[in-house]
Amino acid sequence: MRKIKDKKDKFLKTYIIWKQTKMAMRKTLYIPGPSEVEPETLLELAKPVIAHYGPDWHQLYNETCEVAKKIFSTNEYVTLLPLPGSVCLEMSAFNLIEKDGEKFVAITNGFFGDNIVEMLSAHGAKVLKVESEWGKNVDLKKLEEVLDENPETKAVYLVHNETSTGVLNDLKKVAEVVKKRDKILVVDAISSYGGVELDFDRLGIDFAVGYASKCLSGINGICPVAISKRFIEEVGKRKTPVKSHYFNLTTYMRLSEEWASIGHPHPTSMPTPVVRAFYHVAKKALEEGLEIRYRRHADVAKAYRKAIRALGLNILPKEEDASPTVTTFIVPEKVNGKIRSTLYKNFGYMISGGLGKLENITLRIGHMGYTANPEFLIKLVTALETVLKRLEVINRNLNITDELADIWESLRQYII
Ligand SMILES: Cc1ncc(COP(=O)(O)O)c(C=O)c1O
C-alpha cells in the first residue's frame with residue numbers, strides 16, 4: 001500500500017514539474033503576423049490609458065501620423081484607422097466604386113489577392129483578374145494587355161507582399177505600367193510595411209494600407225493608411241454619394257478636421273495604448289534607418305532560404321521572387337500539421353501552415369521586425385532540423401552545422 005502511495009506521489013510531483021516547465025516555456029511567434037513583440041513595446045501598453053481627445057492625445061496622434069508617413073515615404077495624407085487591414089482596403093472600394101459593372105483590375109497570385117477579387121465583386125465591380133500561378137510573380141504582360149483592352153478601368157489593386165505564397169510582387173514595374181496608363185493604384189502593403197521599401201510618392205501609389213503587427217512588431221488594432229490627392233479628387237468626381245457614413249472618405253476627412261479643432265483628431269474613439277505602441281515601434285524603425293532595416297529583412301530572409309535548402313526542402317517561389325518577410329517552403333503533406341504541432345509543443349515555436357490551395361502543401365515562417373534576426377533564425381532552424389529528423393522527413397545523419405556557421409557569420413552585423 002505504502003509503495004503504491006509513493007509511486008503515486010512521485011508521478012504527481014513529476015507531472016506538476018512537467019506542467020510548470022510547459023507553462024513557463026517561452027512561446028515565440030514565427031508566424032507571418034502577428035509577429036513577436038519586444039518586451040519594451042509591451043511596456044507601452046502598461047502605461048496609464050489616455051483619452052482619445054485633449055492635447056496629449058492630439059500631439060501623440062499627429063506625431064504618430066508623421067512617423068507613419070516617413071515609412072510610406074510620402075508627403076500625402078496619412079491616417080490611422082482602428083480597423084483590420086482588409087477592412088481598410090475595403091474603404092478604398094466604398095469610395096471608388098459608384099455603379100455596378102465598373103471595371104477594376106485585381107492582380108492575384110495568392111490567397112490575399114483572391115480576397116481582393118471577392119471584396120471588389122461584393123461592391124458590384126466587374127473585376128478583371130490578372131492572375132498568375134501561386135508562387136510566381138505578377139504577369140506584367142497580361143496586366144498591360146488587360147489595361148490596354150479595357151481603357152475605362154478605374155483602378156488596379158495589388159498585394160505588395162503575398163503573405164500566402166511568400167512572393168514579393170514587383171510593385172515598381174506594376175506602378176510603371178499602371179501610371180503610364182494614368183490609372184489609380186491601390187496597394188495592400190500589409191506584410192511589407194516597415195520591412196520592404198515602399199515608395200508611395202515616387203511610384204505614384206494612390207491608396208496603401210500598412211500594418212502594425214507584422215514588420216513593425218507592434219500591436220494589432222490600428223492600420224496606417226496613405227491616400228493621394230489624386231485618389232481624393234477621384235472620389236470628389238462622384239455623382240452619387242458613397243453608401244456609407246464612416247467609410248465615406250470625404251465625410252471622414254471633413255469630420256477629422258472639424259473634430260481636430262476641439263482636440264479630437266479622429267471622428268471616432270481610438271485604442272490609444274495601441275497607437276502609443278505603434279508610435280514606439282515606428283519611431284524605432286526610423287531610428288534603425290529604413291535602408292538598413294530593409295536590408296536586414298532581405299538578408300535574414302535569404303539566410304532562411306539557404307538554411308531550409310540545406311535541410312533538403314524546396315522554397316515555393318524562385319529566389320528572385322522570394323519575399324524578405326515571409327518564407328514559404330514545401331513539406332510532405334502527411335507530416336505538414338505534425339511538423340507545426342511538434343515545433344510548438346516541444347520548443348514553443350509557432351510557424352504557420354499554408355493558406356487556401358497550399359494549405360497542406362506548404363509551411364510559412366514570418367521573419368518580421370523583431371524576429372528578422374540571426375539569433376531567432378538559428379533557434380528556429382535548429383529546432384526544425386530536430387523535428388524533421390524525428391518525423392523522418394530528412395535523414396538523421398544530415399548535418400547543417402557548417403551552413404549555420406556561415407549564416408551566423410554573414411548576419412553578424414544584425415546581432416543585437
Ligand atoms: C497581405 C495581407 N493582406 C491582408 C491581410 C488581412 O489582414 P486583416 O486580418 O488585418 O484584415 C493579411 C493578413 O495576414 C495579409 O498578410
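Which residue in strand 15 is the bridge partner of Gly 353? Some notes on that and on the rest of the fold.

1. First, the ground rules. This is a predicted model, with local features needing pLDDT of at least 70, side-chain atom pairs counting only at pLDDT 80 or more, and totals for chains, interfaces and linings using all residues. Residues are numbered from 1 along each chain as its sequence is written.

2. To the opening question: Gly 353 has Leu 363 as its bridge partner in strand 15. Strand 14 (residues 352–353) runs antiparallel to strand 15, with two bridges joining them. Strands here are DSSP runs (E, at least two residues), numbered from the N terminus, and two of them pair if DSSP finds at least two bridges between them.

3. Strand 15 also has strand 12 (residues 326–330) as an antiparallel neighbour, joined by five bridges. There, Val 326 is partnered with Gly 366.

4. Five of the five residues of strand 15 (residues 362–366) are buried, so the strand is largely enclosed by the rest of the structure. Buried means 20 or more other C-beta atoms within 10 Å of the residue's own, with C-beta atoms placed from the backbone. Thr 362, Arg 364 and Gly 366 point one way, while Leu 363 and Ile 365 point the other.

5. Elsewhere, seven strands make an open sheet with mixed pairing, in the order 2-10-9-8-5-3-4. Its edges are strand 2 (77–81) and strand 4 (126–131), each pairing on one side only. Strand 4 pairs in the parallel sense with strand 3 (residues 103–108) over six bridges, and Val 105 stands opposite Leu 128.

Definitions and conventions. Helix = DSSP H or I, 4+ residues; strand = E, 2+ residues; numbered from the N terminus. Buried ≥ 20, exposed ≤ 12 C-beta atoms within 10 Å, placed from the backbone.
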